[in-house]
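I opened this entry to keep a record of what I looked up in one model.

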Amino acid sequence: MSSAEAEPAIGFQPKPSRSKYLHSERYKLCYIGFLGIFLIYAMRVNISVAIVDMVQPVQSRPIAFLSDAEECPLPESSGEDTSSQSNHDFNWDEKEVAEVLAAFYYGYIFTQILGGYLATQYGGKWVFSSGILTTSILTILTPYAAYSGGSSALVFVRFLEGVFEAVTFPAFNAMMGKWVPLFEKSLFSSLSHSGATFGNVICQPIMGYLCSLPYMGGWPLGFYLFGILGVVHFIVWSLVVSSSPSEHPTISPSELDFIKKNTQPSTNVQPRMPWQAALTSPAVWAIMVAHFCTNWAVYGLMTLLPQYLSNVLQYDIKSNGLVCAIPWLCCYVSIQCVSHCTDHVRQTGQLSTTRVRKLNMWCGSLIPATFLLLAGYAGCDWLMAVFCITCAVTGLGFCFSAYKCNHLDIAPQFAGTLFGVTNTVATIPGFLAPLVARSITSGNPHSRVVWQNVFILIAVIQVIGAAVYECFASGEVQPWAAGSGPGRKKSDFSYKLLVDQ
């Protein structure tokens with residue numbers, strides 16, 4: 001590693017001790033942001049577990065004949081009919097269920113770029129909070145929509161949730177650009193964005209437990225709980241958070257000075273996004289393809305895993321939610337471990353940014369692909385199947401240190417906008433993966449042989465994403481973005497300055 005890469009930018013201040021900045025105003029933003037992102041994901045994925053309890057089991061309707069070799073028996077520990085413990089208020093077919101699961105992502109695809117623009121122009125505080133508040137109100141109204149209007153009304157409400165929730169991540173990233181010093185971005189981002197993984201870890205077992213209760217229909221309780229918590233978070237966020245350090249009423253002069261000296265200088269005139277150069281850049285397309293392919297696995301497993309556990313492995317609703325949480329908990333641990341290892345490798349100069357990104361992408365693709373294939377062929381051995389799925393989801397943690405950081409590598413000034421663009425494309429698997437899975441499993445959703453095809457498809461898409469990323473990805477600032485940072489040289493934006501050293 002060259003001396004230019006090892007030296008911080010001129011004028012940047014030394015980083016204070018961890019104990020000092022973890023109690024600062026910017027890390028209060030991090031903690032509250034973590035809770036907000038946790039609730040965002042909880043309100044996004046709650047339907048995946050609830051739908052198992054809401055809808056009449058497929059086995060009670062005519063289905064294609066399954067041989068004993070294809071269909072798994074009820075677990076030995078279940079000596080009673082687990083379906084009788086659930087509510088099953090709706091008699092929807094597989095198509096309607098797939099539309100309900102996909103509806104959120106139809107809306108989520110529309111407003112991400114708009115959210116980033118509004119946050120840049122008017123401040124991220126109110127864009128983020130309004131997104132959470134609106135989503136929370138719609139979540140509270142979800143049971144009413146389902147009971148009064150059926151699947152069509154529920155699809156509409158979930159679509160609106162996607163529209164309003166889509167602005168939250170771009171808005172929070174815009175705030176990070178103003179609040180977080182360059183060399184704290186990795187730590188700040190991993191702490192706050194890990195709320196998404198915790199949304200899966202905490203929400204799914206809670207939803208499973210609430211669905212098993214006899215009160216108020218069971219499954220609506222989870223929507224009321226997380227919706228009310230979202231409203232409470234809106235109130236706290238509105239009182240405590242500011243869009244930028246200069247607007248914060250109680251920030252200390254020393255912290256304000258530290259942030260100003262260690263973040264990119266703000267100007268009234270925002271640099272123009274070189275759209276033509278960016279959208280024709282192989283490095284951008286590599287990120288976009290990798291983002292799309294990884295999200296096919298993430299969103300696919302997020303929405304389909306509860307159905308697989310219920311239809312194939314015959315889990316009851318309470319156990320379903322608990323088991324669904326285990327893979328995402330392991331994924332969270334993986335994200336933290338891989339990010340620290342990546343930081344160490346970059347800091348010591350053992351690998352270039354380009355190589356370490358590609359290596360992480362291969363690990364984040366081949367590990368899930370391999371274990372998903374094994375899960376498909378695990379038969380009715382539920383322990384082996386859950387173990388393989390857990391290993392697959394854990395492997396996805398490598399991707400957080402691959403393409404997810406890559407926007408900042410290739411175009412630091414436009415990283416937020418580029419993330420909005422690639423994430424918009426990467427939202428497509430959110431509604432496409434459930435629909436494709438439904439078409440594959442339609443008619444015999446209990447067949448483990450049919451579900452093998454679902455896992456094979458996810459595995460193939462993962463490998464394609466890694467191959468494209470290997471061919472075209474870069475860890476260097478691109479020519480069209482090299483002059484985007486005022487007064488900065490290329491090495492000032494090297495990943496080494498962004499890691500938690």
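My entries follow, grouped by topic.

**Ground rules**

I am working with a predicted model, in which local features need pLDDT of at least 70 and side-chain atom pairs count only at pLDDT 80 or more, while totals for chains, interfaces and linings use all residues. Residues are numbered from 1 along each chain as its sequence is written, and side-chain values use heavy atoms, with hydrogens and water left out.

**Salt bridges**

How many salt bridges does the structure hold? I find four, where a salt bridge is a side-chain nitrogen of Lys or Arg within 4 Å of a carboxyl oxygen of Asp or Glu. I looked up several of them.

I began with Arg44 and Glu165, whose side chains meet in a salt bridge at 3.2 Å, N to O. This pair links distant parts of the chain, with Arg44 in helix α3 (residues 25-54) and Glu165 in helix α6 (residues 124-165), 121 residues apart. Helices here are DSSP runs of H or I with at least four residues, numbered from the N terminus. Arg44 counts as buried because its relative accessibility is 2%, and Glu165 counts as buried at 0%. For burial I use these classes: buried is under 20% relative accessible area, exposed is over 50%, and partly exposed is in between, with a 1.4 Å probe and protein chains only.

Next I took Glu161, which forms a salt bridge with Arg158, the closest N and O atoms being 3.5 Å apart. Both Glu161 and Arg158 lie in helix α6, three residues apart, about one turn of the helix. Are these two buried or exposed? Glu161 is buried, with a relative accessible area of 0%, and Arg158 is buried at 1%.

I then turned to Arg355 and Glu470, whose side chains meet in a salt bridge at 3.1 Å, N to O. Arg355 belongs to helix α14 (residues 353-376) and Glu470 to helix α19 (residues 448-472), so the pair ties together parts that are 115 residues apart in sequence. Arg355 counts as partly exposed at 32% relative accessibility, and Glu470 counts as partly exposed at 23%.

**Cysteines**

I searched for disulfides, taking a disulfide as a pair of cysteine sulfur atoms within 2.5 Å. The count by this rule is zero. Cys388 is in no disulfide, and the nearest cysteine sulfur, that of Cys391, is 6.5 Å away. Cys388 is buried, with a relative accessible area of 2%. Cys399 is in no disulfide either, the nearest cysteine sulfur being that of Cys331, 8.9 Å away. Cys399 counts as buried at 1% relative accessibility.

Which residues make the nonpolar surface patch of about 540 Å²? I list Ile228, Val232, Ile235, Val236, Leu239 and Val240. Patch members have over 30% relative accessible area and no salt bridge; like charges are joined within 9 Å, and nonpolar side chains (Val, Leu, Ile, Met, Phe, Trp, Tyr) within 5 Å. The accessible areas come from the Shrake-Rupley method with a 1.4 Å probe, and for residues only the protein chains shown count as cover.

Leu239 is exposed, with a relative accessible area of 73%. The buried residues of α9 include Phe223, Phe226, His233 and Trp237.

I also checked the span of α9. At 1.5 Å a residue, the 21 residues of α9 should span 30 Å, and the end C-alpha atoms are 31 Å apart, which agrees. The expected span is 1.5 Å times one less than the number of residues in the helix.

**Single residues**

Gly177 is in helix α7 (residues 168-179) and is partly exposed at 41% relative accessible area. Gly177 and Thr120 are 57 residues apart in sequence and 9.8 Å apart in space, C-alpha to C-alpha.

Ala467 is in helix α19 and is partly exposed at 31%. Ala467 and Ala290 are 177 residues apart in sequence, yet 8.9 Å apart in space, C-alpha to C-alpha.

What does Asn295 contact, leaving aside its neighbours within four places in sequence? I noted Gly300, Tyr403, Asn423, Ala426 and Pro429, with contact meaning heavy atoms within 4.5 Å.

Conventions. Helix = DSSP H or I, 4+ residues; strand = E, 2+ residues; numbered from the N terminus.
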